[in-house]
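I set out to record what I looked up in this structure, entry by entry. The entries follow the order in which I consulted the model.

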Amino acid sequence: MPGRTVTYLSTAEVAKRIGLGPRSLSRIKLPPPDVKIGPYKGWRADTIDEWQASRPGRGRHGARTL
């Protein structure tokens, strides 16, 4: 659509959105990026939110929330 700007999250922004440090992302498998430009990957916020909601909870802390 002309005039519509799409915003993508960097890996650092993904980490912040899900409550992790950027280096912690290397230990988990992220969904495929929505865009890749050279060595850089980007995810739409809704992609990360849906992925995060579908991840199972861990231990006694229960399901993850945003």
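**Entry 1: The nonpolar core**

I looked up the largest nonpolar core and found nine residues in all: Leu9, Val14, Ala15, Ile18, Leu25, Leu30, Trp43, Ile48 and Trp51. I took such a core as a set of buried Ala, Val, Leu, Ile, Met, Phe, Trp, Tyr and Cys residues joined through side-chain atoms within 4.5 Å.

**Entry 2: Basis of the values**

I recorded that this is a predicted model, in which local features need pLDDT of at least 70 and side-chain atom pairs count only at pLDDT 80 or more, while totals for chains, interfaces and linings use all residues. Residues are numbered from 1 along each chain as its sequence is written, and side-chain values use heavy atoms, with hydrogens and water left out.

**Entry 3: The chain as a whole**

I read the order of elements along the sequence as α-β-β-α, with two helices and two strands in the chain. Helices (H or I, at least four residues) and strands (E, at least two) are DSSP runs, numbered from the N terminus. Of the 66 residues in the chain, 23% are buried. I used buried for under 20% relative accessible area, exposed for over 50%, and partly exposed for values in between (1.4 Å probe, protein chains only).

The chain exposes about 5,300 Å², and carbon and sulfur atoms supply 53% of that area. Accessible areas come from the Shrake-Rupley method with a 1.4 Å probe; for residues, only the protein chains shown count as cover. I also looked up contacts (heavy atoms within 4.5 Å). Among those between residues at least 6 apart in sequence, 41% join residues at least 24 apart.

**Entry 4: Helix α1**

Which residues of helix α1 are buried? In this helix, residues 11–18, I found Val14, Ala15 and Ile18 buried. Seen down the axis of α1, the buried residues fall within an arc of 100 degrees, so they line one face of the helix. The arc is that of the directions from the helix axis to the C-beta atoms. Helix α2 (45–54) is included in what covers the buried residues of α1. After α1 comes Gly19, whose phi is positive, near 80 degrees.

**Entry 5: Leu25**

I located Leu25 in the loop between α1 and β1. Leu25 is buried, with a relative accessible area of 8%. Not counting residues up to four places away in sequence, Leu25 touches Thr11, Val14, Ala15, Ile18, Leu20 and Leu30. For Leu25 and Thr11 I noted a separation of 14 residues in sequence and 7.9 Å in space, C-alpha to C-alpha.

**Entry 6: Salt bridges**

How many salt bridges does the structure hold? I found three, a salt bridge being a side-chain nitrogen of Lys or Arg within 4 Å of a carboxyl oxygen of Asp or Glu.

Arg17 forms a salt bridge with Asp49, and the closest N and O atoms are 2.7 Å apart. Arg17 lies in helix α1 and Asp49 in helix α2, so this pair ties together parts that are 32 residues apart in sequence. Arg17 is partly exposed, with a relative accessible area of 37%.

Asp34 and Arg44 meet through their side chains in a salt bridge of 3.5 Å, N to O. Asp34 lies in the loop between α1 and β1 (35–37) and Arg44 in the loop between β2 (40–42) and α2, so the pair ties together parts that are ten residues apart in sequence. I recorded both as partly exposed, Asp34 at a relative accessible area of 30% and Arg44 at 32%.

The side chain of Arg44 also meets that of Asp46 in a salt bridge (3.1 Å, N to O). Asp46 is partly exposed, with a relative accessible area of 35%.

**Entry 7: Gln52**

Is Gln52 buried or exposed? I found Gln52 buried, with a relative accessible area of 2%, and placed in helix α2. The side chain of Gln52 makes a polar contact with the side chain of Arg55 (3.1 Å). A polar contact is a pair of N or O atoms within 3.5 Å; within protein, one must be able to donate a hydrogen and the other to accept it, and residues adjacent in sequence count only if both atoms are side-chain atoms.
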